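Please go through the structure below with this briefing at hand. The points are grouped by topic.

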Amino acid sequence: MTTRNDDTSTGRPRLRADAVTLGYDRRVITEKLSVDIPDHSFTVVVGPNACGKSTLLRALARLLKPAQGRVLLDGRTIGSLPAKAVARTLGLLPQTSVAPDGITVAALVARGRYPHQGLLRQWSVEDEQVVAESMAATGVAELADRQVDELSGGQRQRVWIAMALAQRTPLLLLDEPTTYLDIQHQIDVLDLCAGLHEEGGRTLVAVLHDLNQAARYATHLIAMRDGRVEAEGPPAEIITAELVERVFGVRCRVIEDPESGTPLVVPAARRPRTAAAGVTAASAAATRPAATRAP
Amino acid sequence: MSRARTAGTAVLRTARGGLSLRLDRRAAAAAAGLLALALTAAVVLVGTGDYAIAPADVLRTLTGHGTPGQDFVVRQLRLPRVVVALLVGAALGMAGAAFQSVARNPLGSPDVIGFGQGSAAGALTVIVLLHGSSYEVAAGAVAGGLLTGLAVYALAWRRGVQGYRLVLVGIGASAVLAAANSYLLVKANFVDAARAVVWITGSLDGRDWDEVWPLLAACAVLMPVLLGQGPALRLTEMGDDAAAALGVRVERVRLTTVLAAVLLTAAATAAAGPIAFIALTAPQLARRLTRSPGVSLLPSALMGATLLVLADLTAQHAFGPAQVPVGVATGLLGGAYLLWLLTTERRSGRI
């Protein structure tokens with residue numbers, strides 16, 4: 001495991017994108033985008049569909065090579081580093097993964113140890129311990145001998161997270177970890193992530209769809225639109241009705257979440273069609289005071 | 001050294017933990033069983049023929065204690081044929097496992113996605129148009145298989161290769177090549193056509209040591225290459241992103257695997273013709289036997305060797321006094337298996 005800490009000499013974070021242009025084939029998705037991932041943060045990237053948030057995450061995880069610019073891990077271009085060495089520092093939970101037919105939970109989680117293994121080091125005592133710990137941390141230890149195909153969606157997502165954890169990386173990227181899960185399992189997975197972030201001081205970066213979940217769990221929020229960063233910082237500082245309208249095109253009020261004290265985005269109610277045209281000015285005036293958040 | 005036990009695996013470690021080896025008990029037992037079965041069947045096969053030799057005498061002859069007559073029959077006539085059968089079976093089994101893993105689909109095996117037809121096209125071109133020697137036919141088969149393999153890989157490429165596209169492109173290529181092969185056969189004169197048909201069916205008749213050595217060399221180089229890719233290849237079955245996140249250079253692993261598997265298939269085809277269905281069936285049967293997730297290379301190779309030797313025994317016995325080429329037996333058995341596979345996979349929604 002890499003013990004090297006932040007690049008303190010320059011004050012730069014361990015993971016950052018430096019003026020990257022990203023795209024597929026000839027379709028450019030982001031141009032000259034620079035993003036810093038603060039060390040030890042739980043960074044959440046939000047934005048409307050096709051804003052480039054997953055593309056950015058893929059580039060940070062070196063799954064997508066920038067057409068221009070560089071992604072830097074500990075000050076070095078990520079693509080030039082040995083693949084297994086990167087995999088010991090930076091983990092990723094992809095949006096979709098396929099569990100091989102008939103594989104057990106323990107066997108799948110054990111695959112997370114691949115970057116630590118070699119021809120003569122196939123299954124060390126450490127591997128065994130880390131796999132057991134990872135399953136315990138995600139609450140799938142009692143499922144160890146079950147087949148992954150038999151599990152529910154929520155359980156399966158925990159198993160994949162356990163596999164990523166077994167990599168023992170100080171940085172972990174999660175691409176839409178809550179998609180396809182019901183609300184209970186969404187909260188479950190996000191609580192798990194928050195715990196991982198708090199306990200080990202791990203740096204987490206997640207792409208999320210739900211703005212309110214992002215506001216509640218993130219310590220650092222990056223809001224993107226059309227391949228650009230519109231705002232970044234602690235959710236409480238950057239989430240305003242004006243930002244939400246600018247990024248998502250949704251009129252809303254931002255109030256305080258009664259549970260967590262974080263910003264809560266409440267979309268404006270739909271107005272009857274007939275009234276809509278005439279009342280626009282009045283309703284805009286009515287929502288404006290609420291838009292500046294109560295202190 | 002210490003031994004640890006986790007469910008179904010044996011682990012061997014040095015005291016300081018610098019060295020640790022892991023073995024799946026069931027897979028190891030299955031591999032040992034298959035090896036024993038393949039070798040037993042091989043000994044029986046050596047003793048089979050117009051001049052029958054008891055297995056005990058075969059063993060005695062192999063260790064250098066046979067009569068001169070037995071010695072000649074075993075060493076010069078029958079042993080090379082059986083060694084070719086073992087090697088071709090192992091090569092096809094392992095290459096099939098590699099392709100099925102790359103394609104993430106049991107149908108992604110060389111004989112389904114056109115390499116058999118490609119090799120046949122190469123061999124037929126040499127037989128029908130150039131009237132070449134058996135060496136030139138073998139070279140033509142290798143060239144045809146390689147070209148087809150690379151063409152299918154290149155056509156299926158779009159920001160990486162995906163299983164379905166590989167299978168579909170391969171089936172398309174197979175159809176085109178089958179048409180070309182039919183044309184060549186129709187165009188051929190009677191003698192060439194008969195020779196071509198025997199070659200296409202796949203046969204082990206009259207194989208001697210000249211066929212063994214190049215095949216052995218190909219296996220000795222390519223099998224370790226494939227086995228070296230094995231652990232990374234397994235991870236790619238979970239999806240490109242998941243494998244890359246674990247530190248696998250996905251495209252490099254895939255290209256190395258495909259190249260090695262194409263060469264292995266071509267070498268096997270050059271030695272015995274495009275023997276059908278071993279590459280398709282061996283990995284899946286081995287998987288069911290070892291109960292391992294995904295296909296595994298070494299058990300598939302052993303299963304392939306076992307299947308081909310057993311098929312050759314069947315081909316020599318089951319059809320009365322007239323011996324038939326081994327490709328007929330594998331075709332019959334494998335075709336039935338393919339039907340079964342298509343029905344069950346369809347039921348489980350994967351095809």
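Of the 351 residues of chain B, what percentage count as buried? The share is 51%, where buried means 20 or more other C-beta atoms within 10 Å of a residue's own, exposed means 12 or fewer, partly exposed lies in between, and C-beta atoms are placed from the backbone. This is a predicted model, in which local features need pLDDT of at least 70, side-chain atom pairs count only at pLDDT 80 or more, and totals for chains, interfaces and linings use all residues. Residues are numbered from 1 along each chain as its sequence is written, while chains are lettered from A and ligands numbered from 1 in the order in which they are written.

**Chain B: overall build**

- Chain B holds 13 helices and three strands; helices (H or I, at least four residues) and strands (E, at least two) are DSSP runs numbered from the N terminus.
- The C-alpha trace of chain B spans about 60 × 50 × 35 Å along its principal axes.
- Among chain B contacts between residues at least 6 apart in sequence, 71% join residues at least 24 apart. A contact means C-beta atoms, placed from the backbone, within 7 Å.

**Chain B: annotated spans**

- An unreviewed UniProt entry annotates "transmembrane region" on several stretches of chain B, including 82-100 and 112-131. Positions follow the numbering used here, feature names are shortened, and annotations may be inferred rather than shown by experiment.
- Residues 82-100 of chain B are 100% helix and 0% strand, with end C-alpha atoms 27 Å apart.
- Residues 112-131 of chain B are 80% helix and 0% strand, with end C-alpha atoms 28 Å apart.

**Nonpolar cores**

- The largest nonpolar core has 99 residues; Val88(B), Met94(B) and Leu308(B) are among those with the most contacts inside it. Such a core is a set of buried Ala, Val, Leu, Ile, Met, Phe, Trp, Tyr and Cys residues joined through C-beta atoms within 7 Å.
- Helix α3 (residues 68-103) of chain B gives the most to this core, 19 residues.
- A second, separate core has 92 residues, including Leu15(A) and Ile103(A).
- Not counting residues up to four places away in sequence, Leu308(B) touches residues including Val88(B), Ile275(B) and Val326(B).

- Six strands of chain A form an open sheet in the order β6-β7-β8-β3-β9-β10, with mixed pairing. Strands pair if DSSP finds at least two bridges between them.
- The edge strands are β6 (90-93) and β10 (228-233) of chain A.
- Four bridges join β6(A) to the parallel strand β7 (residues 171-175) of chain A; Gly91(A) has Leu172(A) as bridge partner.
- Helix α1 (residues 53-60) of chain A runs at about 145° to β8(A), and helix α6 (residues 183-200) of chain A at about 155°. Axes are lines fitted to C-alpha atoms, for helices over the stretch in contact, and angles run from 0 to 180 degrees between N-to-C directions.

**Interface**

- 30 residues of chain A contact 23 residues of chain B.
- On the chain A side, α2(A) gives the largest share, four residues.

**Positive phi**

- His40(A) has phi near 60° and sits in the loop between β2 (27-37) and β3 of chain A.
- Ala50(A) has phi of about 65° and counts as exposed because it has 12 C-beta neighbours inside 10 Å.

Notes:
Contact = placed C-beta atoms within 7 Å.
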